[in-house]
Amino acid sequence: SCWNKILICCRPFSIVLGILLTLLSLAFMASVSVTLVDKYVYSNYTLGYVLTTVHYKYSPINYLLTYAQLVFPLDYIIVLLIVFYIASCTVNGIRRIGIWFFWIKMFEVVPKRTMPQGLLLLSALFSYAMVALNQLMLVAMPTYSTYGSQHYMVPDNGTMVTKPCDNHAPAGECQLTQLASIITRFTIHANLYGALVTYLLSAFVAAYVIGFVVAAVRRKRSILEKAAGNRDAEDDPLLNL
């Protein structure tokens, strides 16, 4: 069909896009890993692993956004693309594995064939994922999520130089964002929450690494295997309740 011909023509572009998104995923997870190491080294459980200063400044996403804000509105565009990409990955992941209750598969997520109960649970899972994204963004880009696009002026050889806000800014020059203020205050008063989030993010990074390696070495399923899997899903009595 005409649509298949268009897809074939766009195949090189899809390969390039896939490589770019893979690099984005690796950069994002590297940023999360750098911040987690910073938390483990310079904070502790009693503080809820709250960082007063970002010591490791080699976080790719945090570094990119901190200097992208110098060109308005480049930083907003990058954040929007990251959030949209993570949201798309969340929905696509749920669609691929379905909705499970521990070891019991409850619903398949199939276009135009998903049961209403499955759509309701899908919406709930997506909402929870977006709430967790707030905490994830604060870890992946700590400086930018804490101060946003604020700047301050410092003297340099008789001239005033504009710098992005960070932990080294003079007192009163930069204000915390609402996201950083709410999460930091809550974590300080409930250190168990901060420790739990840190441990869960560590498990998330470990799961990502394992999943990335498995996806890289796993043999691609053939068309016949995919068709057989779809028939099994249709015959599953739990999905036809």
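**Confidence, core and helix packing in the predicted model**

Within the protein chain of this predicted model, confidence is highest in helix H8, with a mean pLDDT of 88, and lowest in helix H9 (residues 223–235), with a mean of 53. Over the protein chain, the mean pLDDT is 80, and 90% of the residues reach 70 or more. Along residues 237–241 the pLDDT stays under 50, and the model has 12 contacts beyond four places in sequence for this stretch.

The largest nonpolar core comprises 21 residues, of which Phe 28, Val 32, Leu 65, Ile 82, Met 137 and Met 141 touch the most other members. Two or more residues of this core are given by each of helix H2 (11–42), helix H3 (60–68), helix H4 (74–97), helix H5 (116–140) and helix H8 (191–217). H5 supplies the largest share, five residues. When residues up to four places away in sequence are not counted, Met 137 touches Phe 28, Val 79, Ile 82, Val 83 and Ser 145. In soluble globular proteins, nonpolar side chains tend to be buried together.

Helix H8 also packs with helix H7 (residues 178–189), at an angle of about 110° and with the two axes 4 Å apart. Angles of 65 to 115 degrees count as roughly perpendicular, and H7 and H8 are therefore roughly perpendicular to each other. At this contact, Phe 186, Thr 187, Ile 188 and His 189 in H7 meet Asn 191, Tyr 193 and Gly 194 in H8. The residues of the contact divide into three nonpolar and four polar, with no charged residue.

Definitions and conventions: Residues are numbered from 1 along each chain as its sequence is written. Side-chain values use heavy atoms; hydrogens and water are left out. A nonpolar core is a set of buried Ala, Val, Leu, Ile, Met, Phe, Trp, Tyr and Cys residues joined through side-chain atoms within 4.5 Å. Buried means under 20% relative accessible area, exposed over 50%, partly exposed in between (1.4 Å probe, protein chains only). Contact means heavy atoms within 4.5 Å. pLDDT is the predictor's confidence in each residue, from 0 to 100. Axes are lines fitted to C-alpha atoms, for helices over the stretch in contact, and angles run from 0 to 180 degrees between N-to-C directions. Angles under 35 degrees count as roughly parallel, over 145 as roughly antiparallel, 65 to 115 as roughly perpendicular and the rest as oblique. Ala, Val, Leu, Ile, Met, Phe, Trp, Tyr, Cys and Pro count as nonpolar, Asp, Glu, Lys and Arg as charged, and the others, Gly among them, as polar.
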